[in-house]
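Start with the view of the structure.

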Amino acid sequence: MMQAIVLVGGEGTRLRPLTYGTPKPMVPIMNVPFLARTLERLYAAGIKDVILPAGYMPQAISDYFGDGAKLDMKITYVIEDVPLGTAGALKNVEQHITGPFFVLNGDVLTSLDFKGMIRYHEQKGGCGVLHLIKVEDPSAFGCVVHDQTGRISAFVEKPPRDQAPTNEINAGTYLLERSVLDMIPGGRNVSIERETFPKILADGLPLYAYTTNDYWLDVGRPEHYLSAHRDILNGTMPLQLEPGITGPGARQVHAAIVPPVHLDEDVRIDTGARVGPNVVIGRGSRIAAGAVIVDSVLWEDVMVEEGARIEEAIIASGSRIGAGAHVARGSVIGHHTYIEPQRVLEEGARVGPTAPLAGAT
């Protein structure tokens, strides 16, 4: 049976400025934890055995997912005593791996067809397959060079744009044979991208590229997190949503809604408020008359008072935006934060329990 390792923590995460204390895998995508979205995709591909390695495992994650039984899955948690890197994390769960396995970057939202990748690997053979995508500017990524058969010949990390050998980059999903674990030294920090994959090539072993045009976005930055929601709402990232006004709370709303908008249950939007386009509102939130919300994501139990304006912002659970306040584009408001009436936040402000009040006037 195919297994999957989801790298949910450790090096490379950039979600901290977004979450202010929410475990990265629990950050909601369309009002559902990001990790749950990943598990949904794995389950749809028939992959029900999932391993979650991490430097620590917040209680919120294990409480929500348990052992996976309620999802008809098996979830194994493995805690690292010290940071082990992307390959070291795989070596550390070696005893749980029984055959070929997927490795997924916990920050990546993608429409990749896992079944298609399995078929490709079965056709090509070798040590494994790396998912690649094409980008306009590869200078911020790791380029992967391969021949016409797909066999990889080189990895080039973050080359200058005019010197990049290809525009195909590592998209963070791998399908590997169990034998790859034998090439990873135990007991220390090891990078799969910088050490293990180059070693496979140096040893003359075949590793293949699987290049697709699937949707792909690293949502570890607030601006990318908002982009992901816009892409889901407009159908660019398929997530089985009908266009327009969606969600369990949509039927109870009679205010001015500019689609696409997604509303969770028990959302109340008073007459005179304007919501949309590209807005997601979490369970139990209240939007008062005269409030305006555009291009934003509100988590659970957010209160927006009369005349407040929110644009291109992220508001975490339990926060309250005072009457007439303005949360400007690019702002991130952490959990249980109160923005005083008439307060104006500058673009890109960060306000939360562990953050200073930045950009406020």
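Predicted model: local features only at pLDDT ≥ 70, side-chain atom pairs only at ≥ 80, totals over all residues.

## How α4 meets α6

Which residues make the contact? On α4, they are Thr 86, Ala 87 and Leu 90. On α6, they are Ile 192, Glu 193 and Thr 196. By type, the contact residues divide into 3 nonpolar, 2 polar and 1 charged.

## The cover over α4

Helix α4 is mostly covered, with 7 of its 8 residues buried. The buried residues are Gly 85, Thr 86, Ala 87, Gly 88, Ala 89, Leu 90 and Lys 91. Helix α6 is one part of the cover. The cover also includes strands β1 (3-7), β4 (49-54), β6 (101-105) and β11 (168-176).

## Asn 31 in its loop

Asn 31 sits in the loop between β2 (28-29) and β3 (32-33). Is Asn 31 buried or exposed? Its relative accessibility is 19%, so Asn 31 counts as buried; the cut-off for buried is under 20%.

Beyond its neighbours within four places in sequence, Asn 31 is in contact with His 262, Asp 264, Val 280, Ile 281, Gly 282 and Leu 298. With Ile 281, a polar atom of the Asn 31 side chain lies 3.4 Å from the backbone oxygen. Ala 45 is 14 residues from Asn 31 in sequence, and the two are 22 Å apart in space, C-alpha to C-alpha.

Terms used. Residues numbered from 1 in each chain as written. Heavy atoms only, no water. Helix = DSSP H or I, 4+ residues; strand = E, 2+ residues; numbered from the N terminus. Buried < 20%, exposed > 50% of the residue type's maximum accessible area, 1.4 Å probe, protein only. Contact = heavy atoms within 4.5 Å. Polar contact = N/O pair within 3.5 Å; in protein donor to acceptor, adjacent residues only side chain to side chain. Nonpolar A, V, L, I, M, F, W, Y, C, P; charged D, E, K, R; others polar.
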